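Subject: Structure handover

Hello,

Here is the structure for your files. My notes on the disulfides and on one helix pair follow below it.

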Amino acid sequence: SKLAFVLAIRPVTCLARGWRRFVMAPLRSALLPACFALAGALDNGVARLPYMGYNTWYDFMCNNINASNVMKLADTLVDLGLDKLGYTYLNLDDCWAVSRDKSTNVVKEDPKAFPDGMKALADYVHGKGLLFGIYTDRGTATCAGRPGSQGFEDVDAKTYAAWGVDLVKEDSCNAEDTPEAASEQYGKMRDALNKTGRPMVFNLCGWHPWYAQKGAGLSNSWRINYDGSNWNAVVVNALTNAAMGGYASPGAWNDPDFLLGSSPGAAVYLTETQSRMQFSLWSVMAAPLIIGSNLLHMSIFDLATYTNMEVIAVDQDPLGTQGAVVWGNCPSLQLPRASKSSAAAASFDVPNCQQIWAKPLADGGHAVAFINLATGSANVTCDDGCFAKMGYVGGKRPANVRDLWMHSDLSAAGTTISRTLDASGGFALLRFLGGSGPAKVGSGADLARKIVV
């Protein structure tokens with residue numbers, strides 16, 4: 001058959017980014033399920049670069065979750081031009097579902113909040129040129145007590161596909177919190193999504209570093225620690241992710257949680273400096289860039305943050321490599337035990353220390369983030385050892401250096417490069433071009449086994 005012939009000559013291309021270019025339109029609907037059947041994991045062809053968009057949780061939480069506001073959010077993403085920069089996923093988080101149909105077990109949206117149904121809402125979002133994401137939980141109920149997917153994975157996956165969903169975030173409340181149980185339950189949803197034949201980004205939200213070791217076999221991204229809803233939790237997630245780089249690759253990303261802006265209108269927010277440092281560091285970490293800030297009333301500062309194309313380009317670099325620490329003076333830390341609540345991170349004292357992170361780029365250069373976690377300002381220097389970890393050995397240095405927030409080229413690197421950083425989230429983000437040998441930025445996979453959870 002034609003289908004067998006296509007699979008014989010291109011068994012992998014159908015799963016690769018841009019697979020539609022290789023497959024004739026009449027065969028696509030038949031080919032997708034066959035492609036997924038070939039895969040032993042969630043090889044669904046999406047999220048080949050870290051996905052970008054917006055999520056309702058840190059902006060609305062459970063307040064005013066309704067179709068009218070979601071449509072306004074879609075309008076705003078387009079009106080602000082964020083969609084043109086890659087922010088295409090509009091993700092509806094918890095508090096949309098209320099029950100299940102007694103005869104079919106199909107999950108039901110709140111009829112008052114979503115009077116025209118979820119498919120009509122997805123169609124509106126798609127009509128704006130955006131993609132639509134939805135939320136569920138692997139347990140018996142969501143974190144807000146709404147219907148969970150445990151035991152209903154197949155019917156929920158089919159329902160999401162019928163609605164036109166493009167991303168599924170599955171939380172981990174009200175479920176057994178062990179690697180074995182989590183892998184089994186997430187595996188059921190992975191397989192159910194695969195069987196629908198509709199490519200959907202699958203985002204696990206499980207709050208533990210051990211998800212990194214299993215994540216690529218289950219999903220497109222996996223949370224590696226707390227809900228990052230305050231500065232302490234943002235720092236804990238960054239320090240945790242420093243050891244996880246070896247597990248990330250195109251189509252499979254470590255997720256240190258959403259971006260917190262500085263707009264006070266959101267349910268949670270950071271200072272301006274902290275929010276911009278987070279955006280810079282998340283880009284170096286090749287993390288999904290999902291805005292959790294006040295979108296409908298976004299401040300000029302936050303809009304300038306999230307529209308910095310030079311920083312976005314770092315995150316979306318086609319090499320798809322997560323950055324790693326190449327210099328730091330942070331002490332060995334016993335991180336607080338991972339949990340859903342970021343309140344647990346409040347017991348963690350943010351260390352008075354600094355780090356330099358580097359991410360290899362496809363053009364042979366590096367994106368380099370200098371960060372200061374201390375309560376006072378600090379001078380941070382990339383020295384010989386720091387340069388050597390990026391492949392600049394034997395006295396070699398970058399031929400060109402560019403500041404990605406000043407949008408200016410700097411003088412060529414000398415023996416060292418130093419930056420004076422503000423307190424509590426002070427940062428600088430540079431791009432090194434040329435002059436290096438083979439990149440030597442470590443993956444940190446071995447360190448992942450040493451993190452105390």
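A crossing of two helices counts as left-handed if the near helix is turned anticlockwise from the far one by less than a right angle, and as right-handed if it is turned clockwise. In this predicted model, α6 passes α7 in a right-handed crossing. The contact draws on E153, D154, D156, A157, K158 and A161 from α6, and on Q185, K188, M189, A192, L193, K195 and T196 from α7. Sorted by class, the residues of this contact are 5 nonpolar, 2 polar and 6 charged.

As for geometry, α6 covers residues 153-163 and α7 covers residues 179-196.

Overall figures

The protein has 14 helices and 18 strands. Of its 453 residues, 57% are buried. Among contacts with a separation of 6 or more, 75% are between residues 24 or more positions apart.

Disulfides

A disulfide is a covalent bond between the sulfur atoms of two cysteines. With a cut-off of 2.5 Å between the sulfur atoms, the count comes to 4 disulfides.

The link joins distant parts of the chain, 33 residues apart: C62 sits in the loop between α3 (57-60) and α4 (67-79), and C95 in the loop between β2 (89-91) and β3 (97-100). C62 is partly exposed at a relative accessible area of 34%, whereas C95 is buried at 5%.

C143 and C173 form another disulfide, with 2.0 Å between the sulfur atoms. The angle about the S-S bond is 95°, and the link is right-handed. C143 lies in the loop between β5 (131-137) and α6, and C173 in the loop between β6 (167-171) and α7, so this pair ties together parts that are 30 residues apart in sequence. The relative accessible area of C143 is 31%, which makes C143 partly exposed. C173 has 12% and is buried.

The disulfide of C330 and C353 has an S to S distance of 2.0 Å. This link is right-handed too, with 80° about the S-S bond. Both cysteines lie in the loop between β11 (324-328) and β12 (354-360), so the pair ties together parts that are 23 residues apart in sequence. C330 counts as partly exposed at 21% relative accessibility, and C353 counts as buried at 0%.

The cut-off for a disulfide is 2.5 Å. C205 is buried, with a relative accessible area of 0%.

Regards

Terms used:
Residues numbered from 1 in each chain as written. Predicted model: local features only at pLDDT ≥ 70, side-chain atom pairs only at ≥ 80, totals over all residues. Heavy atoms only, no water. Axes fitted to C-alpha atoms, helices over the stretch in contact; angles between N-to-C directions. Helix = DSSP H or I, 4+ residues; strand = E, 2+ residues; numbered from the N terminus. Contact = heavy atoms within 4.5 Å. Nonpolar A, V, L, I, M, F, W, Y, C, P; charged D, E, K, R; others polar. Buried < 20%, exposed > 50% of the residue type's maximum accessible area, 1.4 Å probe, protein only.
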